[in-house]
Amino acid sequence: MENIKIVGFGGSLRKESYNKYLLNEARDLMPENAELEILSIDNFPMFNQDLENDYPENVKNFKNRIKKSDGILISTPEYNYSIPGFLKNVIDLASRPYTDNAFEGKPVAIVSASIGMVGGARAQYHLRQVFTFLNMVPVNRPEVFVTFAQQKFDENGKLKDEMTKKLMKELLQNLVNLSIQLKK
Ligand SMILES: Cc1cc2nc3c(=O)[nH]c(=O)nc-3n(C[C@H](O)[C@H](O)[C@H](O)COP(=O)(O)O)c2cc1C
């Protein structure tokens, strides 16, 4: 059987983003029968419904990668107790036009890293609400919140917290299992 194809994207544009580090880590922690492709979301335009039938190449390509994937991984920080605005924008772009929602029926898992003590939990729950409208199928367990992220990565951006690694491995395995179940 072909490898399960998971695509991942992040909620932070920052070069040294903890959430980018988490996505890189996920690539190393994927089960053997699966692969993670990290998608770029740099330089996306702001969503404008007048232009939803005429996206630039980078957005068209992003939508295609999402559609062709078996499952999705999102790694996000929490901004002001919610989803970063530009992550919501990326999701809005790929969900339109209405009859062409790239996320339709897709399994999805979330991880989050923040420097605070809640680890992005509030952003994760807001994201789950968005998944409902998009008709996505979220993995519920385990929940992976990387709290006090500044203490959890080494100077090369590698995750050094064994408990977080263990939970991420389990989450990715569950995402892959769900993706196999739902594969058309
Ligand atoms: C606009 C803004 C709002 C933030 N709001 C929160 C917040 O509500 N909760 C939280 O835990 N951290 C918050 N933070 C801190 C982030 O957790 C921290 O900047 C983190 O490093 C962002 O993730 P990144 O490293 O992937 O860019 C905020 C940061 C910014 C820039």
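This is a predicted model: local features need pLDDT of at least 70, side-chain atom pairs count only at pLDDT 80 or more; totals for chains, interfaces and linings use all residues.

Student: How many residues does the largest nonpolar core have, and which of them have the most contacts inside it?

Tutor: In soluble globular proteins, nonpolar side chains tend to be buried together. Here the largest nonpolar core has 47 residues. Those with the most contacts inside it are Leu22, Ala26, Leu73, Ala94, Leu171 and Leu175. Helix H5, residues 162–182, gives the most to this core, namely six residues. As for Leu22, once its neighbours within four places in sequence are left aside, it is in contact with Ser75, Val111, Ala113 and Val146.

Student: Which residues of helix H2 are buried, and which are exposed on the other side?

Tutor: An α-helix has 3.6 residues a turn, so residues three or four places apart point the same way. Helix H2 covers residues 57–68, and its buried residues are Val59, Phe62 and Ile66. Seen down the axis of H2, these buried residues fall within an arc of 60°, so they line one face of the helix. On the other side of H2, Glu57, Lys60, Asn64 and Lys68 are exposed.

Student: Against what do the buried residues of H2 pack?

Tutor: They pack against strand E1 (4–10), strand E3 (71–76) and helix H3 (85–94).

Student: Which peptide bonds and phi angles deserve attention in the backbone?

Tutor: Most residues other than glycine have a negative phi, and most peptide bonds are trans. In this model the peptide bond from Arg96 to Pro97 is cis, with omega near -5°; Pro97 is found in the loop between H3 and strand E4 (107–113). The bond from Arg141 to Pro142 is also cis, with omega near -10°, and Pro142 has its place in the loop between strands E5 (137–138) and E6 (144–146). Turning to phi, Asn43 has a positive value of about 60° although it is not a glycine. Tyr81, likewise not a glycine, has a positive phi of about 65° and is found in the loop between E3 and H3.

Student: Is Tyr81 buried or exposed?

Tutor: Tyr81 counts as exposed because it has 10 C-beta neighbours inside 10 Å, and the cut-off for an exposed residue is 12 or fewer.

Student: Finally, how many residues surround the ligand?

Tutor: The ligand is surrounded by 16 residues, and the closest are Ser12, Ser17, Pro77, Ser114 and Gly116. The shell divides into eight nonpolar, six polar and two charged residues.

Technical notes. Residues are numbered from 1 along each chain as its sequence is written. A nonpolar core is a set of buried Ala, Val, Leu, Ile, Met, Phe, Trp, Tyr and Cys residues joined through C-beta atoms within 7 Å. A residue is buried if 20 or more other C-beta atoms lie within 10 Å of its own, exposed if 12 or fewer, and partly exposed in between; C-beta atoms are placed from the backbone. Helices (H or I, at least four residues) and strands (E, at least two) are DSSP runs, numbered from the N terminus. Two residues are in contact if their C-beta atoms, placed from the backbone, lie within 7 Å. A residue is near a molecule or strand if its C-beta atom, placed from the backbone, lies within 6 Å of it. Ala, Val, Leu, Ile, Met, Phe, Trp, Tyr, Cys and Pro count as nonpolar, Asp, Glu, Lys and Arg as charged, and the others, Gly among them, as polar. The expected span of a helix is 1.5 Å times one less than its number of residues. The arc is that of the directions from the helix axis to the C-beta atoms.
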